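Come along and look things up with me.

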Amino acid sequence: MILPENNRREFIKKSALAGLSLSLLNPIELFAEKKDKIKLAFIGVGARGTNHVQLALERKDIEITALCDIDESVLNRAADMVVKAGGKTPTLFNKGDYAYRDLLKLKNVDAVIVSTPWLWHTPMAVDAMNAGVAVGLEVAGATDIQECWDLVETQEKTGTPFMILENVIYRRDVMAIFNMVKKGMFGEMIHLEGGYQHDLRAVKFNDGKQLYGGGVEFGEKGMSEARWRTQHSINRNGELYPTHGLGPIHMMTDINRGNRYSYLTSTASKARGLHDYIVNHPKGGEDHQNADVEFKLGDVVTTVIKTVNGETITLNHDTNLPRPYSLGFRVQGTKGIWMDLNNSLHIEGVSPAHKWESDEKYMKEYDHKLWKKYENQAAGAGHGGMDFFVINAFIEALKREAPMPLDVYDCATWSAVTCLSEESIAQGSTPVPFPDFTKGKWIKRKPDFGMNDIY
């Protein structure tokens with residue numbers, strides 16, 4: 001059952017101790033008798049937050065107790081979803097940017113999911129952890145290294161459970177390849193690639209009336225992500241969205257668990273794509289006011305990371321040009337290679353010599369036990385079922401007072417890529433060292449992700 005409010009701090013301390021034990025025990029050994037239900041709140045219920053609300057409503061072990069958003073219309077829409085699903089009317093907060101702090105004072109909130117514009121991620125997560133409210137934080141890069149340290153130091157100080165909600169790490173083919181990597185099918189890891197290669201022009205611009213496309217407006221005249229995300233392309237030049245491409249690679253190379261990133265270098269191309277989109281759009285043109293906007297973000301940003309164990313990792317950020325969607329995964333070791341773009345692999349001594357073969361049969365043979373167990377429940381969930389798994393992991397770990405599979409050290413490490421890449425580019429693509437957010441704990445920590453069929 002849910003712990004009473006006066007025992008919340010004790011629960012937090014126990015969770016922190018469980019996390020420290022992770023270096024010695026398999027997480028499944030730490031599972032206590034699970035609680036029945038998590039009282040969950042949401043900060044940010046726009047397009048992404050609404051998706052999380054819908055997934056929560058499909059679970060019997062979640063009670064949605066509070067919602068917060070500065071946009072009253074989306075807040076009321078989310079509240080209606082809860083009521084129509086048979087839940088009690090949640091407490092609503094929308095009076096200003098810091099209304100979420102009042103939400104965090106509620107006694108009937110065990111955990112919160114944060115799905116807000118990027119600049120708010122760290123302050124909201126820090127405030128929640130200080131209030132003893134477990135945090136599920138949506139993804140993005142950090143604005144500076146201090147933000148990363150703030151997350152780590154707050155979590156270590158409070159012991160409040162924290163998870164970064166990176167969903168691509170649960171992609172079905174990625175988890176099958178993860179299985180193959182752990183079984184040694186590709187040999188020793190040598191080089192890996194990933195990225196965020198996604199035409200976001202219709203996300204960064206719209207007509208102010210619809211979520212995507214239809215115009216070239218942004219900022220106050222835009223809607224949804226165009227209100228805030230586009231400004232990052234004006235102000236910043238770096239790997240702005242690293243977690244989708246890096247997350248799976250991170251786990252395949254045991255980062256923060258016997259390995260860590262040593263340094264990176266980043267290089268950015270010139271910036272042309274967003275300007276061309278504005279001037280060539282039917283509702284834009286050379287005379288449109290946004291045609292004079294100077295965009296700092298290079299159209300293609302390439303980042304190379306070196307690990308202390310010797311692997312190299314390439315990330316590509318490519319969101320301003322016309323292109324099909326692809327995360328561009330490549331996993332290459334001493335015995336073989338897999339690439340998601342052509343759904344093919346080659347394993348020495350198994351595949352035809354010097355030829356690619358389809359990965360289809362391998363996807364079936366090495367399908368991860370999480371997908372085998374939850375396939376039906378994941379069907380219909382966002383992003384091909386991945387969204388189910390990330391919420392499932394957060395809730396199941398909370399119920400068991402067990403370690404989060406994607407923890408604050410992972411969040412800080414992934415997020416740091418953004419500001420480190422900005423620094424490298426600004427200095428002419430010079431190498432920039434990675435901070436060790438684990439403060440040496442990476443040496444003894446053991447791999448834990450994907451080790452059971454619970455989360």
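I start with a definition: buried means under 20% relative accessible area, exposed means over 50%, and partly exposed is in between (1.4 Å probe, protein chains only). I note that this is a predicted model, where local features need pLDDT of at least 70, side-chain atom pairs count only at pLDDT 80 or more, and totals for chains, interfaces and linings use all residues. Residues are numbered from 1 along each chain as its sequence is written, and side-chain values use heavy atoms, with hydrogens and water left out.

**Entry: cysteines**

I looked for disulfides, each a pair of cysteine sulfur atoms within 2.5 Å. By this rule I count zero disulfides. C68 is in none, and its nearest cysteine sulfur, that of C411, is 20 Å away. At 6% relative accessibility, C68 counts as buried. C148 is in no disulfide either; the sulfur of C419 is the nearest, 5.0 Å away. C148 is buried too, with a relative accessible area of 1%.

**Entry: salt bridges**

How many salt bridges does the structure hold? I find 27, taking a salt bridge as a side-chain nitrogen of Lys or Arg within 4 Å of a carboxyl oxygen of Asp or Glu. As a reminder to myself, side chains of opposite charge can pair when their charged atoms come close.

I picked out K182 and D254, whose side chains meet in a salt bridge at 2.5 Å, N to O. K182 lies in helix α7 (residues 172-182) and D254 in the loop between α10 (243-252) and β8 (261-268), so this pair ties together parts that are 72 residues apart in sequence. My helices (H or I, at least four residues) and strands (E, at least two) are DSSP runs, numbered from the N terminus. K182 is partly exposed, at 37% relative accessible area, and D254 counts as partly exposed at 23%.

Next I checked R257 and D410, which form a salt bridge at 2.8 Å, N to O. R257 is in the loop between α10 and β8 and D410 is in helix α15 (residues 408-426), so to speak distant parts of the chain, 153 residues apart. Are R257 and D410 buried or exposed? Both are buried.

K364 and E360 make a salt bridge at 3.9 Å, N to O. Both lie in helix α12 (residues 360-365), four residues apart, about one turn of the helix. K364 is exposed, with a relative accessible area of 61%. I also found a network of salt bridges that links R59, D61, E396, K399 and R400.

**Entry: the sheet**

I traced an open sheet of nine strands with mixed pairing, in the order β14-β13-β12-β11-β7-β10-β9-β8-β15. Two strands pair if DSSP finds at least two bridges between them. β14 (357-358) and β15 (432-433) stand at the edges with a single partner strand each, so one side of each is left without a neighbour in the sheet. Inside that order I looked at β12 (residues 336-339) and β13 (residues 344-347), which pair in the antiparallel sense over four bridges. There G336 stands opposite I347 in β13.

**Entry: a helix and its cover**

Which residues of helix α11 (residues 273-280) are buried? I list G273, L274, Y277, I278 and V279. What covers them includes α8 (201-204) and α9 (229-235), with contact meaning heavy atoms within 4.5 Å.
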